[in-house]
Amino acid sequence: MQDKPTPSDLLAAVAHYLRDQLLPTLTAHHAFQLRVSCNALDLVARQIAQEPAADAAEIERLTMLLGHGGALAELNAELSRKIADGDLTLETPGLADHLWTTTLAKLAVDQPQYGPYRHEATRQQ
Amino acid sequence: MSLTGRATPAALLRVLEREWEGAIQQHDTDKSPFPDRLLAVVRKFAPDVERLDKVVRLSGGASQETWSLVAMRARGPERMILRRAPAGVPVVEKIDLETEAALMQAAERAGVPSPHVHYVIRPEDDFGRGFLMSHVDGEALGRKIVRDEQFAAIRPKLARQAGEILAAIHAIDPACLPNLPRIKPREEIETMFENYRRWSEPRPVFELAFRWARERMPDESAKPRLVHGDFRNGNMLITPQGVSAVLDWELAHIGDPMRDLGWICTASWRFSVIDKPVGGFGQREDLMAGYEAAGGGRVDPEVLKFWELVGSMRWGVMCMGMGFRAKQSDRPVELSMIGRRTSENEIDLMRLLAPRGA
């Protein structure tokens, strides 16, 4: 077990320094790249916080859909194959719900400000 | 000449074709100052120009430049725009600048709001390749067009205008145009599929979308038309009176005209105004009505949906390509973050393929 501060706290501290202290001193080109970098740090912080629970739930749903467990990447590859082959379709019970839940979990990390995500996430509550 | 930021389809295509990263050298043979050489070219079509003012580079990648300038003419100052590829720089756009100029001239003749092309640069000008055109007033930034108060009154009319403009573009006889690439829907889908498989781990939502699209391929026997290729909010200049110019012809080709109608409806170009499917400013019904009224023919809503969905797939696959390329880029953070925007297209695809009810 590692000591505190946690990775999330460290990332937040770094992002704070870059945004509030370094950014105002930069040229336009570097200011743009730094803003993107800060967004990347925020994304990483969200992923650290959300990924374990989201991945566990995704594996559980995939195990139900495919009838067996396994590593997440392999289960996703198998699901992709079965969709491509037409073995699983939107009529398959649970598939649409699974894809929706998985997609919303991705957006919650990748781009929580994206309009369609905000719309769909609000509706879910 | 779009000023809409870096992550545009044309810009991303250039990155995917390894253009931005291959350090490009300028090899102009004439070393005299740029404004003097520019003035000499401007005088070829406007001999009364005394001098140039405010010569400013607006944007552009390494291979293409866009400049703004003010020509001081006998009758007063006149703003102009130069699109140029310096000599010695390989032109890797989808179409070359001479073709782009010819398309803008054809569009203007067809009644499409368009800058006027003053002059196409000739080899003997020793000024690279490109053309000079009139400056047109208007806003190109999509997020301003969908939100700013000054456009509130015109916004409800823009979808119909876009439909009318597309009908005029699609009515241009391809026989009157320079040679353009021919893109067939099935070939485009299969190229996208190969790129997806190359650039990404398996993605269930994209597999579903590819299967859906392949089962609904549009009829390819229809007569191919001139397709703008990047007709969307961000590539039109808008004033409070309406569309003042259509820009960015560099992805033009001969193909299925419905592709243009689908692309302007694609969710990525709504700037988060999700209840206005046409560019974040209007409704599909108005787009289709304008298109039909202007002689474009009847629009099948199912075909429109096909191209809207393919638009999200196209943009999504481009984002995957950015993520794939990030490590070899000199802008790895930026490209990585564009890669992580692929999921935006997945939620847009889900909203089309499996909407969750009202």
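Chain B has 12 helices and nine strands, where helices (H or I, at least four residues) and strands (E, at least two) are DSSP runs numbered from the N terminus. The model is a predicted one, in which local features need pLDDT of at least 70 and side-chain atom pairs count only at pLDDT 80 or more, whereas totals for chains, interfaces and linings use all residues. Residues are numbered from 1 along each chain as its sequence is written, and chains are lettered from A and ligands numbered from 1 in the order in which they are written.

Of the 358 residues of chain B, 45% count as buried; a residue is termed buried if 20 or more other C-beta atoms lie within 10 Å of its own, exposed if 12 or fewer do, and partly exposed in between, with C-beta atoms placed from the backbone. Among the contacts of chain B that join residues at least 6 apart in sequence, 71% link residues at least 24 apart, a contact being scored if the C-beta atoms of two residues, placed from the backbone, lie within 7 Å.

The domain assignment divides chain B into domain 1 (9–134) and domain 2 (142–353), with bounds that come from an automatic or database domain assignment. Between them, 22 residues of domain 1 of chain B are in contact with 26 residues of domain 2 of chain B. On the domain 1 side, the elements giving two or more residues are helix 1 (9–16) and helix 3 (97–109) of chain B, and helix 3 of chain B gives the most, with seven residues. This side of domain 1 of chain B comprises 15 nonpolar, three polar and four charged residues, where Ala, Val, Leu, Ile, Met, Phe, Trp, Tyr, Cys and Pro count as nonpolar, Asp, Glu, Lys and Arg as charged, and the others, Gly among them, as polar.

Within chain B, helix 8 (residues 258–265) packs against helix 10 (residues 301–325) at an angle of about 60°, with the axes 7 Å apart; axes are lines fitted to C-alpha atoms, for helices over the stretch in contact, and angles run from 0 to 180 degrees between N-to-C directions. Helix 8 and helix 10 of chain B are therefore oblique to each other, given that angles under 35 degrees count as roughly parallel, over 145 as roughly antiparallel, 65 to 115 as roughly perpendicular and the rest as oblique. The crossing of helix 8 of chain B past helix 10 of chain B is right-handed, the term used if the near helix is turned clockwise from the far one by less than a right angle, with left-handed used if anticlockwise. Residues of helix 8 of chain B at this contact include B:Leu261 and B:Trp263, and those of helix 10 of chain B include B:Phe306 and B:Trp307; by class, the contact has nine nonpolar, two polar and two charged residues. Helix 8 of chain B is mostly covered, with eight of its eight residues buried, and these buried residues pack against helix 5 (155–170), strand 6 (225–227), strand 9 (253–255), helix 9 (284–293) and helix 10 of chain B.

Helix 10 of chain B also meets helix 11 of chain B, their axes coming within 7 Å and crossing at roughly 145°, in a left-handed sense. Here B:Cys319, B:Met320, B:Met322, B:Gly323 and B:Arg325 of helix 10 of chain B meet B:Leu335, B:Ser336, B:Ile338 and B:Gly339 of helix 11 of chain B, a set that divides into five nonpolar, three polar and one charged. B:Ser312, found in helix 10 of chain B, is buried, with 26 other C-beta atoms within 10 Å. Leaving aside neighbours within four places in sequence, B:Ser312 is in contact with B:Thr266, B:Ala267, B:Ser268, B:Asn345, B:Asp348 and B:Leu349.

Six of the eight residues of helix 11 of chain B are buried, so this helix is largely enclosed by the rest of the structure. The buried residues of helix 11 of chain B pack against helix 2 (28–66) of chain A together with helix 10 and helix 12 of chain B. Across the interface as a whole, 27 residues of chain B are in contact with 30 residues of chain A. The elements giving two or more residues to the chain B side are helix 7 (204–214), helix 11 (332–339) and helix 12 (342–353) of chain B, and helix 12 of chain B gives the most, with eight residues. By class, the side of chain B that touches chain A has 12 nonpolar, three polar and 12 charged residues.
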